Amino acid sequence: MKIHVFEDEARLAHAAGELLFNTLKDKPDAVICIASGNSPKATCAAWVEKMKQTKLDTQRFFFIGLDEWVGIDPDQKGTCRYDFMERILIPLQIPPRQYHLFDGMAADLQEECRKMDAVIASKGGIDLMIVGIGMNGHIGFNEPGTPFHLHSHIATLDEVTTTVGQQYFDRPMALKQGITLGPAYLQEAGKVLLLAQGEKKAAVIRDAVEGAKSTERPATILQEHPDAHFYIDRGAASGLLSMQEDE
Ligand code: F6R
């Protein structure tokens, strides 16, 4: 993994948006997976803006939603689908044949996982994953302790996730489970970008970069990835022992 430290969120989002744009310029049929939540919000805005300005072809890429809360109405503000639709799929007018999102309301969630794995396999894997990192170090809904070999799976959410997750919703929600791409996808993706902003993420970033590789620290799976990049601001970098140069 390589660490890139940015002076502020705007510069970080600009760089990550450019990376997304260039990925599609080089490979118009790329398969792209992005997280929901706060971390990629400005990046998505920068990317969508650039796509619109340049009128780059949007008709061939395929979008995969990283994860979803289980049992929550998908049209409700706060769900992952809501973010994907609002930030990317509606503004870029991407039709349903060009994306696949988990249905967290599906009666058979195992089947939902199989469907996701089949879609990704049929596309030849994921070219670029853009993820955040939770306050407990999770990526997607891969909580600490998740085996690295898992593909799509159903996760029991830990208390940090269910508590922090309330911020996305307008009212208190019963968050218990998530459905998510597993750590194996991070290992197998062509390129991975992990975004983190703010001092509150400093401890989990330090663990991800300097901690020993362990399922207890899900992001350590990226340590040996040949093309994994952490795009972090100075706050998120503030716990790192080794000197990091600004981008
Ligand atoms: C969301 C997701 C989560 C978040 C993480 C950080 O789709 O997969 O793992 O990326 O909880 O959340 P934010 O970015 O809101 O700090």
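Visitor: Which exposed residues does α4 carry on the face turned away from its buried side?
Guide: On that face of α4 you'll find A121 and S122, both exposed. Keep in mind that we're looking at a predicted model.

Visitor: And which residues of α4 are buried?
Guide: That list has L109, E112, C113, M116, V119 and I120.

Visitor: What do the buried residues of α4 pack against?
Guide: Their partners are β3, β5, β7 (153-156), β8 (177-180) and α6 (183-188).

Visitor: How does the reach of α4 compare with what is expected?
Guide: From first C-alpha to last, the 14 residues of α4 reach 20 Å, and that is close to the 20 Å expected at 1.5 Å a residue.

Visitor: What happens at the start of α4?
Guide: There, D108 has a side-chain oxygen within 3.2 Å of the backbone nitrogen of Q110. The cut-off for a polar contact is 3.5 Å, so this pair falls inside it. After α4 comes G124, with a positive phi near 85°.

Visitor: What makes β1 and β5 edges of the sheet?
Guide: Start with the order: the open sheet has seven strands, β1-β10-β9-β6-β2-β3-β5, with parallel pairing. β1 (2-6) and β5 (99-100) each have a single partner strand, so one side of each is left without a neighbour in the sheet.

Visitor: How many bridges pair β3 with β5?
Guide: Two, in the parallel sense, with β3 covering residues 62-65. I64 stands opposite H100 in β5. Helix α4 (residues 109-122) touches both β3 and β5 as it packs on the sheet, and its direction makes about 150° with that of β3.

Visitor: Which strands does α7 touch?
Guide: Helix α7 (residues 202-210) packs on the sheet against β1, β9 (191-196) and β10 (228-233), at about 155° to the direction of β10.

Visitor: Why is β10 called largely enclosed?
Guide: Because six of its six residues are buried, β10 is largely enclosed by the rest of the structure. A228, F230 and I232 point one way, while H229, Y231 and D233 point the other way. Five bridges join β10 to β1, where I3 stands opposite F230. Five bridges also join β10 to β9, where L193 stands opposite H229.

Visitor: Does T220 count as buried or exposed?
Guide: Buried, because its relative accessibility is 0% and the cut-off is under 20%. T220 lies in the loop between α7 and β10. Leaving aside residues up to four places away in sequence, T220 touches F148, D207, A208, G211, A212, K213 and S214.

Visitor: What makes K55 exposed?
Guide: Its relative accessible area is 73%, and exposed means over 50%. K55 sits in the loop between α2 (41-54) and β3. Its phi is positive, near 55°, in a residue other than glycine.

Visitor: And how do you know that Q93 is exposed?
Guide: Q93 has a relative accessible area of 69%, again set against over 50%. Its place is in the loop between α3 (80-89) and β5, and its phi is near 55°.

Methods:
Residues are numbered from 1 along each chain as its sequence is written. This is a predicted model: local features need pLDDT of at least 70, side-chain atom pairs count only at pLDDT 80 or more; totals for chains, interfaces and linings use all residues. Side-chain values use heavy atoms; hydrogens and water are left out. Two strands pair if DSSP finds at least two bridges between them. Helices (H or I, at least four residues) and strands (E, at least two) are DSSP runs, numbered from the N terminus. Contact means heavy atoms within 4.5 Å. Axes are lines fitted to C-alpha atoms, for helices over the stretch in contact, and angles run from 0 to 180 degrees between N-to-C directions. The expected span of a helix is 1.5 Å times one less than its number of residues. Buried means under 20% relative accessible area, exposed over 50%, partly exposed in between (1.4 Å probe, protein chains only). A polar contact is a pair of N or O atoms within 3.5 Å; within protein, one must be able to donate a hydrogen and the other to accept it, and residues adjacent in sequence count only if both atoms are side-chain atoms.
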